[in-house]
2 protein chains.
Amino acid sequence: MHGLHLTADLHDCQCGPQWLIDGPALGAVCIKAVSAAGLQAVGKIVHSFPATPQGPGGVTATVLLAESHLCIHTWPEQRGVTLDVYVCNFGGDHSAKAHALMECLISVFQPRHSERNELRRGQIAA
Amino acid sequence: MHGLHLTADLHDCQCGPQWLIDGPALGAVCIKAVSAAGLQAVGKIVHSFPATPQGPGGVTATVLLAESHLCIHTWPEQRGVTLDVYVCNFGGDHSAKAHALMECLISVFQPRHSERNELRRGQIAA
């Protein structure tokens, strides 16, 4: 269960608005990015939130991976996005693929500012 | 998009084996725990991995929340579990509910050892 969990919180995203509000489009780009990174999707769920007085609702998209998971939440009214890419290293070190997936997703959203973090998971012995 | 992301990596879990290998049972307990914590589920996906020569396969369960997400991965051959509870604070501070949900889930798995982490998300201004 050793693995690497990358997070990125993206601000002032310059991407086209569809990436922040179009659930099916975002889900499809996630699957494409997972595959391009050499990771394996085993399930996907997308939820589009209803519009508010501030404008269109955001989207949550999750891809279950053979190697763990990818989660995206969008905040269109703030042009913000949070990203999680978590890969376990069962069957090999997938850290480079996790970084590649994260870079691909960040390039979709084109943030002006971001906060990034890396967490090693499951390190202690039982 | 400000929020709190809790992680816990659980080792040497003393729970009954069903919580590590029974996808539908784990999915149901997640929904119950989310509701008990006062959070709102908006979607759920569960994936059960195939058995390996080491024994029954693990489970990935994700609950999409109005407040963000919950993800669980189990590793039955190691009696290990990783937990993620991420809540945004849109519409109120949901930090106490996130902690309550995490405690409830940890009590299901009964680990002998755990590593826990807290990450504040989305803090910088755009």
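Trainee: Let's start with B:S68: buried or exposed?
Mentor: Bear in mind that this is a predicted model, where local features need pLDDT of at least 70, side-chain atom pairs count only at pLDDT 80 or more, and totals for chains, interfaces and linings use all residues. Residues are numbered from 1 along each chain as its sequence is written, with chains lettered from A and ligands numbered from 1 in the order in which they are written. A residue is buried if 20 or more other C-beta atoms (placed from the backbone) lie within 10 Å of its own, exposed if 12 or fewer, and partly exposed in between. B:S68 has 26 C-beta neighbours inside 10 Å, so call it buried.

Trainee: And what is the phi of B:S68 near?
Mentor: B:S68 sits in strand 4 (residues 68–75) of chain B; strands (E, at least two residues) and helices (H or I, at least four) are DSSP runs numbered from the N terminus. Most residues other than glycine have a negative phi. B:S68 isn't glycine, yet its phi is positive, near 145 degrees.

Trainee: Where does A:Q110 lie?
Mentor: A:Q110 is another non-glycine residue with a positive phi, near 50 degrees. A:Q110 is partly exposed, because 14 other C-beta atoms lie within 10 Å. Its place is the loop between helix 3 and strand 6 of chain A.

Trainee: Which residues does B:H94 touch, beyond those up to four places away in sequence?
Mentor: B:H94 is in the loop between strand 5 (80–88) and helix 3 (95–109) of chain B, and it's buried, with 26 other C-beta atoms within 10 Å. Contact here means C-beta atoms, placed from the backbone, within 7 Å. On that basis B:H94 touches B:L39, B:E67, B:V87 and B:N89.

Trainee: Which members of the largest nonpolar core touch the most other members?
Mentor: A nonpolar core is a set of buried Ala, Val, Leu, Ile, Met, Phe, Trp, Tyr and Cys residues joined through C-beta atoms within 7 Å. Leaving aside neighbours within four places in sequence, A:L101 contacts A:A33, A:V34, A:A37, A:L39, A:L70 and A:V85. Of the 72 residues in the largest core, the ones touching the most other members are A:L101 and B:L101.

Trainee: At what angle do helix 2 and helix 3 of chain A pack?
Mentor: Helix 2 of chain A contributes A:V29, A:A33, A:V34 and A:A36 to the contact, and helix 3 of chain A contributes A:L101, A:C104, A:L105 and A:V108. Axes are lines fitted to C-alpha atoms, for helices over the stretch in contact, and angles run from 0 to 180 degrees between N-to-C directions. The axes are 9 Å apart, and the angle is about 145 degrees.

Trainee: How many residues does the contact between the chains take from each?
Mentor: On chain A, the elements giving two or more residues include strand 1 (3–13) and strand 6 (111–121). The contact takes 30 residues from chain A, and from chain B also 30.

Conventions:
Two residues are in contact if their C-beta atoms, placed from the backbone, lie within 7 Å.
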